[in-house]
Amino acid sequence: MGMEDVSGRPRMKPGTSRSPLGWARRNLFSGVGNTVLTLVSVYILWMVIPPLLDFTIFSAVWTGTTREACLVPDAGACWPFVWANIDQFIYGRYPPSEIWRVNIVFALGIATIVPMLIPAAPAKRFNLIFLLVVYPLIALVLLAGDRPGLPPVPTSEWGGLLVTLVVAVTGIVVSLPLGIVLALGRRSSMPAIRMLSIVFIEFWRGVPLITVLFMASVMLPLFLPEGLNPDNLLRCLVGVALFSSAYMAEVVRGGLQAIPAGQYEAARAVGLGYWQAMIGVVLPQALRHVIPGIVNTFIGLFKDTTLVLIVGIFDLLGQVRAQLSDPNWTVPQGALTGYIFAALVFWVFCFGMSQYSNFMERRLNTGHER
Amino acid sequence: MKNPLVALILGILIGVGGLYFMLPYEPATRGAREIQPEAAPVTEGAQRVAAGSTLQRVKRRGFLQCGVSQGLPGFSNPDDRGNWTGIDVDYCRALAAAIFDDPAKVRFRPLSAKDRFTALQSGEIDILSRNTTWTMSRDTQLGFDFVGVIYYDGQAFMVRKASGITSAVQLAGATICTQTGTTTELNVADFFRGRGLSYQVLSYEKNDEAISAYDQGRCDGYTTDASGLYAERLKMKNPDENIVLPEIISKEPLGPAVRQGDPQWADIARWTLNALVNAEELDITSKNIDEMLASENPLVRRLLGDEGAYGQAVGLEGDWVARIVRAVGNYGEIFERNVGAETPLGIKRGLNALWNDGGIMYAPPIR
Amino acid sequence: MAKAGQGARRGNGLGFSWYNPRVRSVIYQAAVLGIVIGLVWFFVATAQQNLERLNISSGFGFLDTTAGFGIIQTLIPYTEQSSYGRAFLVGLLNTLVVAVIGIALSTLLGFVVGVARLSRNWLLANLAAAYVEIMRNIPLLLHLFFWYFVVLRPLPGPMQSLEPVPGVFLSNRGLILPEPVFDASALAFLSALILAIIGSVFLVRWSRKRQLATGQLFPAWRVSAALIVFLPALVWAIGGAPFHLEFATRGSFDYAGGMRLLPEFVALTLGLTLYTAAFIAEIVRAGIQSVSRGQTEAAAALGLKESTTLRLVVIPQALRLIVPPLTSQILNLTKNSSLAVAIAYPDLVAVFAGTVLNQTGQAIEVISITMAVYLTLSLLTSLAMNWYNARIALRER
């Protein structure tokens, strides 16, 4: 029904009225079938929206400091549970006296990423290098500590949104360069390098992330020399980075395929070497083409960070689950409240990224249709 | 066109440098690769090189890495501020006191049932003190040495009072919740199989999930070591509505484990445990330790290092037991403080009483 | 390196010179291969040394050892005396069953939502869009937790089971359905069904041939449908019902007998389906939108009916764009089914990389086998889809 209208946009017939009633007749009740669909939609909405609003807003408990506040009959969401644990949700068990370090890392991250996202902002290249090289080091020193003036904070005390972001950002920062190298390798004219790249990429794309994390947490230590014991979080970061770089490689490869071979040949003809031609001519065009794909990979990676909770690292979702088992906050509606909160946080991040990706896509498309 | 290339190379260099900078957390292990035994067949000499390494490494690092549970009241449990309490925790403190004369020089590494063995195998922790059952396969196939028994436990079932069940044999047809990767999962199968009873088992990755599944009614019963049942019951919505059934269906000797191949370290761990029990046998407590140092009893004098050089023989100081007892008390004190009658767990000594007091807790003499 | 390809020195490719691109290519490849082999050798040697030093057993002999633990859902006979290898099969089948059902349901739902997004009905189109945007931007694990911990766990206990339809019980122990038990007449019924299907195939072929030869249309599909429904129904009417339903009975703890869908299974299937359907919907929408309107208009101009246009013009073209990304979603769903471990559904990862790994301690072997299984599944799915893709691609000529 309505399938033949491939544009998905309602067609405006000339001479039809623009009044709301006319609009409704045209878009909702234009025939028997259409009316049935409208009624079905209204029914679904009626089943979902009022209970949801009632739970999250109207019947919800908004104030209070203990679980007793939420133990009223027919109460909806228990928001005091979220307020009381908000520090754990953001920082995990990071020592309260050291939280300023995390805040600096967050602030610095926002300050670098925002100009990166605005197409008109200057100094993109400098910004990118700062984001990919300098920022991770600053963040590492600040978060892990063990330097003069910065007492060490073992990663077992990190948690919540902090860990979610650390895993996601590490995955992004490592997977981009590694993915580019792998994509170039897969398109290389040297058979050995091409084969190795294909095997590497297809291996990581063929296995579920959870087995990669299991591998990192229980198998990897056996492959390292005695005395070299990276902690659990670092091992998982390595796993996540390798995993996402394989996906990134496929996205970048798509971009490389879209660049006509003439570009590369022309670059070589003016005397540039392979790397000079790639870095100076081909990659900038290819990457610009696949920005939406790259952002989509990031979205997938961001959602996948939740899997680390299965190997005992407390990301945002893991921390929500941990706080749920706190006897001080055992309320019947606690689980749903906590999950709605976590879902909202993830949704805001992912939806934001996908909207940005759409925006870039439109920008790129108009750029081509000059 | 040179700039991006330089930047890329610089980036890779800094990245690799950063990784190196992050990998070994404590400076001490950075040199550890140099004293790696050669790949050649392990000769006696090579073994001796490895032998000294754990104690040396711990000393150089300045603290002990102790693998504990993620939270089991009475055995190893962190409070809101991350302070750990429990029998397993106190044992690690005793070990730290014996080595450093400071029970605080220990870092606890919470481990799931799944991660614990790898963590010990890989050297991430120096000792695993995490209510782990001493079994033959673990002792012989996983590359561990168990150094003794710190708590004689046995597996039991917990059910809801309202179910009217009073004995485990009435559980035919029930669904039982348990944690995956433990001996409990095998024992429960043996129990029902041996009696020809049908049952269903639901295994969760995390203990907390198994308990909440039971608590919410997904299962009719929950099973783990009896001590664990008493501890977990405290976390339930209504502790009083659940009972522990009388049957003990397995032997669960819980004890600390170390890596194989370092006899000195195993000796230190073993005799720290024995010292705790011996101290209780000789009535040396954290309160009377200073008076006891003046004791004329040859057994006490040997234990506290006034006679002989027992501590030195394993690479410790002569007063190692005095340090231990001053820091954490004797075995009986540790038991009563963490799980005894005065605590919410309220567990009786039972099997864990001394051999001359109706139990089977027995330590070889120090002489 | 920077002087690469300075044309003049390209030469005949025989001289051994650093500037000879073929020589350099060989050297590069040798170097990279050398590094990779060196790394692999280093890791393998280290692992061997570690296993030896720590006295950890290795090898695949453990697969024949008695497992000794129970599994809550087994599609093939399994007891505690079965081997670890058998436990592996049980886990694998549990993974496959959830994947197959999830793929079927999510493809169906994905097509419905994808088509709904293109509906002319403003409300329905926006409802579908909202569904897609909400579902795909929330982590799958959160979906699973929601269904398992929020929806299914708080259901009443087995003794207070809900009974929405007589004989169907819903409790926190799962959904219990009556089990169909086949009777003597089942054979006749089944033969009738198979006969009807074979007959329809011939009928369709014959009608197509006739259409090509004479241009006359024969309502082959409708006749076939009627055949498939009425022939078995006739047998049923004459020979009696081919099966009867066996209802679950109340046991001491729970209902016994019947077919049971575990809450873990239901939660996993629901979560996987609803999450993946959002992605499939987007793929379907893009596929249909890619068919230009000129095609539809041309078909209409030829006098084809709307349904015929859809069946013969729009869908075949859209499918060519839909199938490749659909394959990767199907693979994703299969891989994502490994999240079962978080809600205790006994899939391959939970049973094998969970329990078996812990009981044997042989991490390297167990993880390698698990990964190999998923790699094989991925490979098989993409091979099947490539074959299908090739068939569809041929039709365009």
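Select chain C: among its contacts with a separation of 6 or more, 65% are accounted for by residues 24 or more positions apart. Keep in mind that this is a predicted model.

**Stop 1: chain C as a whole**

Stay on chain C and colour by secondary structure. The chain has 11 helices and eight strands. Its radius of gyration is 29 Å, well over the 21 Å that the globule rule gives for 397 residues, so chain C is more spread out than a compact globule. Turn the view to follow the principal axes. Along them, the C-alpha trace of chain C spans about 85 × 70 × 45 Å. How much of chain C is buried? Of its 397 residues, 37% are.

**Stop 2: two helices crossing in chain C**

Now hide everything but two helices. Select residues 84–117 of chain C for α2, then residues 263–290 of chain C for α7. Two packed helices are described by the angle between their axes and the distance between the axes. Here the axes of α2(C) and α7(C) come within 6 Å and cross at roughly 40°. The crossing is right-handed. Show the side chains in the contact between α2(C) and α7(C). By class, there are 14 nonpolar, eight polar and two charged residues.

**Stop 3: one glycine**

Keep α7 of chain C on screen and pick C:Gly287, which lies in this helix. Is C:Gly287 buried or exposed? A residue counts as buried when 20 or more other C-beta atoms lie within 10 Å of its own. C:Gly287 has 22, so it is buried. Which residues does C:Gly287 touch, leaving out those up to four places away in sequence? Select C:Ala318, C:Leu321 and C:Ile322 to see them. Next, draw a distance from C:Gly287 to C:Asn121. From C-alpha to C-alpha, the two are 20 Å apart in space. In sequence, 166 residues separate C:Gly287 and C:Asn121.

**Stop 4: where chain C meets chain A**

Bring chain A back. In this pairing, 62 residues of chain C are in contact with 57 residues of chain A. Look at the chain C side. Several helices give two or more residues to it, including α1 (21–54), α3 (122–136), α9 (306–336) and α11 (363–394) of chain C. Which element gives the largest share of this side? Select α1(C): it supplies 11 residues. Colour the chain C side by class, and it divides into 40 nonpolar, 16 polar and six charged residues.

**Stop 5: chain A by itself**

Chain A has 14 helices and zero strands. Along the principal axes, the C-alpha trace of chain A spans about 70 × 65 × 40 Å. Of the 370 residues in chain A, 41% count as buried. Check the contacts in chain A with a separation of 6 or more. Residues 24 or more positions apart account for 66% of them.

**Stop 6: where chain C meets chain B**

Show chains B and C together. Here 29 residues of chain C are in contact with 31 residues of chain B. On the chain C side, α1 and α10 each supply at least two residues. The largest share comes from α1(C), with four residues. By class, this side of chain C has 11 nonpolar, 13 polar and five charged residues.

**Stop 7: chain B and a helix pair**

Of its 367 residues, 52% are buried. Among contacts in chain B between residues at least 6 apart in sequence, 71% join residues at least 24 apart.

Finish with a pair of helices. Select residues 263–281 of chain B for α11 and residues 320–328 of chain B for α15. Their axes come within 10 Å and cross at roughly 70°. That makes α11(B) roughly perpendicular to α15(B). The crossing of α11(B) and α15(B) is right-handed. Which residues make the contact? On α11(B), pick B:Thr272, B:Ala275, B:Leu276 and B:Ala279. On α15(B), pick B:Val321, B:Ile324 and B:Val325. By class, the contact between α11(B) and α15(B) has six nonpolar residues, one polar and no charged.

Definitions and conventions: Residues are numbered from 1 along each chain as its sequence is written. Chains are lettered from A and ligands numbered from 1 in the order in which they are written. This is a predicted model: local features need pLDDT of at least 70, side-chain atom pairs count only at pLDDT 80 or more; totals for chains, interfaces and linings use all residues. Axes are lines fitted to C-alpha atoms, for helices over the stretch in contact, and angles run from 0 to 180 degrees between N-to-C directions. Angles under 35 degrees count as roughly parallel, over 145 as roughly antiparallel, 65 to 115 as roughly perpendicular and the rest as oblique. A crossing is left-handed if the near helix is turned anticlockwise from the far one by less than a right angle, and right-handed if clockwise. Two residues are in contact if their C-beta atoms, placed from the backbone, lie within 7 Å. Ala, Val, Leu, Ile, Met, Phe, Trp, Tyr, Cys and Pro count as nonpolar, Asp, Glu, Lys and Arg as charged, and the others, Gly among them, as polar. The radius of gyration is taken over C-alpha atoms; the globule rule is 2.2 Å times the number of residues to the power 0.38. A residue is buried if 20 or more other C-beta atoms lie within 10 Å of its own, exposed if 12 or fewer, and partly exposed in between; C-beta atoms are placed from the backbone.
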